[in-house]
Amino acid sequence: MKLILITFCALLLMQFSWLQQNKPLEQSISDGAEIYQDFCLQCHLDTGEGVSGVFPPLANSDYLLNNIDLSIKGIKYGLSGPIVVNDEEYDGVMANQGLDNEEIADVMNYILNSWGNKSNDIITIERIAQVTE
Amino acid sequence: MKKIFLLPLSVVIFYTTSCISQENPPVIETPDQSQYTTETIVEGIDIPWGMDFISENEILVTEKKGILYRVINGVKNEVSGLPEIYVRGQGGLLDIALHPDFKSNNIIYFTAAINVEGDEGGNTSLYKATLKGNSLEEVKLLYKALPNTKKGQHYGSRIVFDGQGHLFFGIGDRGNRDVNPQNLGIDGGKIYRLNLDGSIPVDNPFVNQEGAIAAVYSYGHRNPQGMTMHPKKGELWENEHGPKGGDEINIIEKGKNYGWPVITYGINYSGTPITDKRAMPNMEQPIYYWVPSIAPSGMAFSTSGVYKKWKGDLFVGSLKFKYLEHLILKRGKVVKREKILVDIGRLRNVKEGPDGYLYIGVDGKGILKVIKK
């Protein structure tokens with residue numbers, strides 16, 4: 001009986017901590033919108049369109065939608081050097097913004113589900129943690 | 001009937017949209033670019049935020065992510081002894097400046113985002129240290145803005161000396177525009193003035209005002225990213241990032257209010273208005289504002305005469321449009337603007353070197369010397 005109770009409690013705790021770590025998608029998107037306003041909007045603009053030739057677009061961006069882990073890596077560690085986005089070359093510097101894994105997951109969920117972007121991937125904190133430099 | 005209404009309406013819409021999109025004169029010119037070139041002095045720096053010259057061949061350069069380089073003949077040597085830097089958003093290791101008597105005392109100053117309180121977030125600080133070879137010693141925190149915040153924006157901050165025993169540095173509004181810039185009791189959105197030892201000048205404008213921060217020299221700023229002394233008039237010149245269409249050049253005077261966010265020529269990035277007020281009593285007007293915004297960074301006068309016809313002119317980097325802006329002034333007004341080094345890259349900083357040439361910091365590149373053929 002004791003064992004069952006302990007197991008039950010442990011399971012409950014596990015579920016609780018999982019819930020704490022990964023909030024519902026809607027919440028993550030809305031938290032991500034705030035991060036976006038703070039750290040991304042100045043260059044990528046509030047339409048996600050960026051500036052042609054200077055700041056790559058996020059809206060309908062083939063680079064973003066086809067390279068989710070590479071995009072996470074860019075946010076987590078910074079990105080510099082030439083990349084091609086929607087057939088246009090960009091050769092700039094995106095500095096590491098100092099966001100934590102939860103903030104990166106949130107902002108990824110936001111940009112993957114805004115301005116017409118749609119993704120079946122729900123980005124979790126664990127996925128962010130797995131991306132290395 | 002409908003048409004009669006539509007016509008004036010469309011005229012009004014056309015008028016207002018053309019007002020917004022119209023460039024604030026003088027309209028920028030693009031001269032023949034083949035007369036300009038650059039020479040790479042230091043390579044391989046992502047964000048060369050600040051620099052100062054020990055000599056023609058020796059430069060101190062900050063990299064925003066938290067590295068200080070002593071560059072000797074183009075070779076980067078990492079300097080040890082920096083405090084822990086808070087790297088988030090626009091924050092990190094920022095400006096650097098040699099003490100006016102550096103040759104005899106080896107003292108340097110630098111600004112950086114830090115957190116020494118142990119809570120969350122960070123804010124801008126000013127440090128003093130002694131440079132011995134490739135290490136910093138006697139590192140002393142002179143000023144730390146409060147409160148810390150996790151906001152990513154607007155840390156400031158250039159360091160400038162007035163030649164009369166003072167130093168100035170700026171701190172941006174830290175992403176809290178409705179609270180910080182107009183409140184003299186809270187840091188952010190201010191230009192500060194200190195004595196060279198870090199103490200507060202007794203004649204600072206708000207030393208006797210209860211609740212005011214005594215180090216404050218001027219307020220109502222958004223994000224100062226360029227600052228320099230006028231070589232002849234001894235005035236403190238500053239440029240700051242406004243919102244969309246509201247970047248400014250100001251001459252900073254003691255105790256004055258520069259208006260952010262009560263008055264501004266800019267609008268929110270989203271296109272919505274911040275205020276309809278562009279002027280108010282007891283608030284200073286910029287000597288120039290950029291529409292569209294160029295994201296001005298760095299500011300220097302050319303004083304040396306090594307460039308034909310540039311003596312006395314002002315130079316400002318454009319982070320957004322990737323060129324060096326050349327501004328010709330007459331009686332305190334901008335009368336001509338030119339693009340120099342079109343598409344050079346995100347131009348972070350510009351300074352006049354001891355050899356009289358202009359040196360620029362460019363993101364993803366490093367430090368380049370500006371040459372006019």
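## Close-up views of a predicted two-chain model

View 1. One salt bridge is formed by A:Asp38 and B:Lys151, whose closest N and O atoms are 3.4 Å apart. Residue pairs in polar contact between chain B and chain A, with both residues at pLDDT 80 or more, number eight. On the side of chain B that touches chain A, the residues comprise nine charged, seven polar and three nonpolar.

**View 2. Extent of the interface between chain B and chain A.** The interface brings 18 residues of chain A into contact with 19 residues of chain B. About 1,500 Å² is buried between the two chains, and 48% of this area lies on carbon and sulfur atoms. Of the area that chain B buries against chain A, 33% is supplied by B:Arg88, B:Tyr269 and B:Arg346, which is more than any other three residues supply.

**View 3. Surroundings of A:Val93.** A:Val93 belongs to strand E2 of chain A, which spans residues 88-94. When residues up to four places away in sequence are not counted, A:Val93 touches A:Leu79 and A:Ser80 in chain A, together with B:Asp46, B:Asp363 and B:Gly364 in chain B. A:Ser61 lies 32 residues from A:Val93 along the chain, and the C-alpha atoms of these two residues are separated by 18 Å.

**View 4. Crossing of helices H2 and H6 in chain A.** Helix H2 (residues 25-39) and helix H6 (residues 101-111) of chain A have axes that come within 7 Å and cross at roughly 95 degrees. Angles of 65 to 115 degrees count as roughly perpendicular, and H2(A) and H6(A) are therefore roughly perpendicular to each other. From H2(A), the contact is made by A:Leu25, A:Ser28, A:Ile29, A:Asp31, A:Gly32, A:Ala33, A:Ile35 and A:Tyr36, while H6(A) contributes A:Glu103, A:Ala105, A:Asp106, A:Val107, A:Asn109, A:Tyr110 and A:Ile111. Sorted by class, the residues in the contact of H2(A) with H6(A) are nine nonpolar, three polar and three charged.

**View 5. Cis peptide bonds in loops of chain B.** The peptide bond that runs from B:Gly156 to B:Ser157 is cis, its omega being near 10 degrees, and B:Ser157 is found in the loop between strand E9 (135-144) and strand E10 (159-161) of chain B. B:Val291 and B:Pro292 are also joined by a cis peptide bond, with omega of about -5 degrees; B:Pro292 lies in the loop that connects strand E17 (288-290) with strand E18 (296-301) of chain B.

**View 6. Backbone of B:Asn73.** Although B:Asn73 is not a glycine, this residue has a positive phi of about 45 degrees. The loop in which B:Asn73 is found lies between strand E4 (67-72) and strand E5 (75-78) of chain B.

Technical notes. Residues are numbered from 1 along each chain as its sequence is written. Chains are lettered from A and ligands numbered from 1 in the order in which they are written. This is a predicted model: local features need pLDDT of at least 70, side-chain atom pairs count only at pLDDT 80 or more; totals for chains, interfaces and linings use all residues. Side-chain values use heavy atoms; hydrogens and water are left out. Contact means heavy atoms within 4.5 Å. Buried area is the accessible area (1.4 Å probe) that two parts lose on being put together, summed over both. A salt bridge is a side-chain nitrogen of Lys or Arg within 4 Å of a carboxyl oxygen of Asp or Glu. A polar contact is a pair of N or O atoms within 3.5 Å; within protein, one must be able to donate a hydrogen and the other to accept it, and residues adjacent in sequence count only if both atoms are side-chain atoms. Ala, Val, Leu, Ile, Met, Phe, Trp, Tyr, Cys and Pro count as nonpolar, Asp, Glu, Lys and Arg as charged, and the others, Gly among them, as polar. Axes are lines fitted to C-alpha atoms, for helices over the stretch in contact, and angles run from 0 to 180 degrees between N-to-C directions. Helices (H or I, at least four residues) and strands (E, at least two) are DSSP runs, numbered from the N terminus. Angles under 35 degrees count as roughly parallel, over 145 as roughly antiparallel, 65 to 115 as roughly perpendicular and the rest as oblique.
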